[in-house]
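Visitor: Please give me a close look at one part of this structure. Where should I start, and what lies around it?

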Amino acid sequence: VGDPVLISTDEVSRLASPVNRYGFPPGEGHSSEEQRGPYHYVYATVTKVHFGENAQYYTVMRADTGTSQRADDEWMEPLKTARGEAAARRAATHFEDSHDNVENDSNHSHDPLYILFV
């Protein structure tokens, strides 16, 4: 419980940048292996371990959406390096397309989720 992991998913939040099995988004990583896709993982934290009848499974908190979901061993990857963990955590809250994520509402002008870097 509390361990950071990567979970494989086809549903990556629009606010997140997907990462590879080493935790790196496209264009990051030092070795060629760290720079290779596929990029379909998201940073999460294990919140509970369950012992089912046939197998162990987990509840994880996704960093990109803040939601809890079930995760099975075959869809999870441990984070292998501190650099990969930091990159995955950063990517989980990275704006993918800032123009599509911003509402033109002055009430959000100071909300950090709406700050754009152009």
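**A hairpin and its surroundings**

Guide: Start at Tyr58, whose bridge partner in β4 is Ala71. The model is predicted, so a local feature needs pLDDT of at least 70 and a side-chain atom pair counts only at pLDDT 80 or more, while totals for chains, interfaces and linings use all residues. Residues are numbered from 1 along each chain as its sequence is written, and side-chain values use heavy atoms, with hydrogens and water left out.

Now take the two strands themselves. β3 covers residues 56-62, and β4 covers residues 68-72. Strands here are DSSP runs of E with at least two residues, helices are runs of H or I with at least four, and both are numbered from the N terminus. β3 and β4 pair in the antiparallel sense, over five bridges. Pairing requires that DSSP finds at least two bridges between two strands. Five residues lie between the two strands, which form a hairpin. In that turn, look for Gly66, with a positive phi of about 75 degrees.

Arg70 lies over the face of Tyr57, 3.8 Å from the ring centre. For a charge to sit over a ring, NZ of Lys or CZ of Arg must be within 6 Å of the ring centre and within 35 degrees of the ring normal. Ring-to-ring pairs are another matter. A search of the whole structure finds zero aromatic pairs. Such a pair joins rings of Phe, Tyr or Trp (its six-membered ring) with centres within 6.5 Å; planes under 30 degrees apart count as stacked, over 60 as edge-to-face, and the rest as tilted.

Back to Tyr58. Beyond its neighbours within four places in sequence, Tyr58 is in contact (heavy atoms within 4.5 Å) with Val46, Lys48, Val49, His50, Gln69, Arg70, Ala71, Asp73 and Met76. Tyr58 also belongs to the largest nonpolar core. A nonpolar core is a set of buried Ala, Val, Leu, Ile, Met, Phe, Trp, Tyr and Cys residues, joined through side-chain atoms within 4.5 Å. Buried means under 20% relative accessible area, exposed means over 50%, and partly exposed lies in between (1.4 Å probe, protein chains only). The largest core has nine residues: Val5, Ile7, Val42, Ala44, Val46, Tyr58, Val60, Ala71 and Met76. β1 (4-8), β2 (41-51) and β3 each give two or more residues to this core. β2 gives the most, with three residues. Another core, of eight residues, lies apart from this one; among its members are Leu6, Tyr43, Leu79 and Ala92.

Next, follow β3 to its other partner. β2 and β3 pair in the antiparallel sense, over seven bridges. A hairpin of four residues joins β2 to β3. Lys48 has Thr59 in β3 as its bridge partner. Thr45 also lies in β2. Thr45 counts as partly exposed because its relative accessible area is 26%. Thr45 and Val60 are 15 residues apart in sequence, but their C-alpha atoms are 5.3 Å apart in space. Leaving aside neighbours within four places in sequence, Thr45 is in contact with Gly2, Asp3, Pro4, Thr59, Val60 and Met61.

One of those contacts leads towards the start of the chain. Asp3 is in the segment before β1. Asp3 is partly exposed, at 46% relative accessible area. Asp3 and Thr45 are 42 residues apart along the chain, with their C-alpha atoms separated by 5.6 Å. Asp3 touches Ala44 and Val46 as well as Thr45, not counting residues up to four places away in sequence.

Then comes the loop between β1 and β2, where Thr9 is found. Thr9 counts as buried because its relative accessibility is 11%. Among the contacts of Thr9, leaving aside neighbours within four places in sequence, is Arg62. Pro38 sits in the loop between β1 and β2 too. The peptide bond from Gly37 to Pro38 is cis, with omega near 10 degrees.

Finally, step back to the whole chain. The protein chain has five strands and two helices. From the N terminus on, its elements run β-β-β-β-β-α-α. Of the 118 residues, 32% are buried. Among contacts between residues at least 6 apart in sequence, 52% join residues at least 24 apart.
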